[in-house]
Structure formats: C-alpha cells, structure tokens
Amino acid sequence: MDNRTLTAQELIDEVDAERAKQEYLNGKTILPDKPEGWAGRYVRQVRFNRETAVIEFIDQNDRWMYEIDLEQAKTSEEVLHWVFHLAGKGWAFPPVIGAVVHLLRNLLWEIADEEAEDIYCRGAKCGFDWTAWLREDQKNNQNKGI
C-alpha cells in the first residue's frame, strides 16, 4: 500500500498521468492526413480495438475499411510483413503506415512499459503475445466488473 501524503494537485496529476498512459489502449484515434489531390476512398482514422486486439482503419465516411489482427503481428518479421502489405494498398499512403507504427509503439509502451524496438527486436522474447495479453486484459476487466 502507498502511504505517501499528496496534495490535491499531486493526486490529480498522478490520476491524469495514469489516464494518459492508457489513451491508445482506450481507443485514441490517429488521424492521418488526406493525401493532397486524392479523390478516392482514404483512411481517416487508425485506432486500436481493445476487445479484439485489432488495429482498425476507418474511411472518410466512418466506415470500416481494413484491419490488422495483432495476433498476426507478434514478431518483428510479422510487423514488417504488415508494413509491406499495407504499402501495396492504394489507400495506404505513408501517413497511414506511419500511424500504424506510431500506434503499435504507443500501445506496447502502455501495455508493457517498454519500447517497441526492445520488445520486437532485442532479447530472448523478441515479440509480443497479443493473444495472451487480450485474455489477461479481459480477465482483469471481468474481475473489475467492466
């Protein structure tokens, strides 16, 4: 148990910091720029779906466009596969691919409190088990009554 004495502002700051730490896990959306001169369908939002551990791509009309099941992005090789796969899509302009990388980096920081490059590229584990995390997260939420 934490027996520190905090001022009201210090307590507010700690709560705000904890909330901010969870922003991507709780659905913060990244809004890639629309390509100049592009008249077709484009990605307006990239976001994480916590219930399914999926990165969702939403178009300019708020309709589902595409998704990446993070169960298929456990290793650095699989993440790189998705980067190249997305690069082959006509609508996946560099800002969209950048949004995916940014989202993954921030999600892993919020979940594991480690840099993505350390999780995916260094050490014995060299990857992230999204399925195990999702099971644990759902169990924790169930125990909390969420």
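Which residue in S3 stands opposite isoleucine 55? The residue in question is isoleucine 68. This briefing concerns a predicted model, in which 3 strands form an open sheet with antiparallel pairing. The chain has a mean pLDDT of 81, and 82% of its residues reach 70 or more.

**The sheet**

- The strands of the open sheet follow the order S1-S2-S3.
- Strand S1, residues 43-49, and strand S3, residues 64-69, stand at the edges with a single partner strand each, so one side of each has no neighbour in the sheet.
- On average, neighbouring strands of this sheet are turned by 20° against each other, direction ignored.
- In general, the strands of a sheet pair through backbone hydrogen bonds, in either a parallel or an antiparallel manner.

**Strand pairings**

- S1 and S2 run antiparallel and are joined by 6 bridges.
- Asparagine 49 has valine 54, in S2, as its bridge partner.
- A hairpin is formed by S1 and S2, with 4 residues between them.
- Alanine 53, in the turn of this hairpin, has a positive phi of about 55°.
- Strand S2, residues 54-59, pairs with S3 over 5 bridges, also in the antiparallel sense.

**Surroundings of the sheet**

- Helix H3, residues 94-112, lies across S1, S2 and S3.
- The helix H3 runs at about 20° to S1.
- Of the 7 residues of S1, 5 are buried, so this strand is largely enclosed by the rest of the structure.

**Aromatic pairs**

- The structure contains 8 aromatic pairs.
- In one of them, the ring centres of phenylalanine 48 and tryptophan 133 are 6.0 Å apart and the ring planes stand at 50°, so the pair is tilted.
- Phenylalanine 48 belongs to strand S1 and tryptophan 133 to helix H5, residues 130-144, so this pair ties together parts that are 85 residues apart in sequence.
- Both phenylalanine 48 and tryptophan 133 are buried.
- One aromatic cluster is formed by Phe48, Phe128, Trp130 and Trp133.

**Confidence of the prediction**

- Among the elements of the chain, S3 has the highest mean pLDDT, at 95.
- The lowest mean pLDDT among these elements, 58, belongs to helix H1, residues 8-21.

Key:
Residues are numbered from 1 along each chain as its sequence is written. This is a predicted model: local features need pLDDT of at least 70, side-chain atom pairs count only at pLDDT 80 or more; totals for chains, interfaces and linings use all residues. Side-chain values use heavy atoms; hydrogens and water are left out. Two strands pair if DSSP finds at least two bridges between them. Helices (H or I, at least four residues) and strands (E, at least two) are DSSP runs, numbered from the N terminus. Axes are lines fitted to C-alpha atoms, for helices over the stretch in contact, and angles run from 0 to 180 degrees between N-to-C directions. Contact means heavy atoms within 4.5 Å. Rings of Phe, Tyr and Trp (its six-membered ring) pair if their centres lie within 6.5 Å; planes under 30 degrees apart count as stacked, over 60 as edge-to-face and the rest as tilted. Buried means under 20% relative accessible area, exposed over 50%, partly exposed in between (1.4 Å probe, protein chains only). pLDDT is the predictor's confidence in each residue, from 0 to 100.
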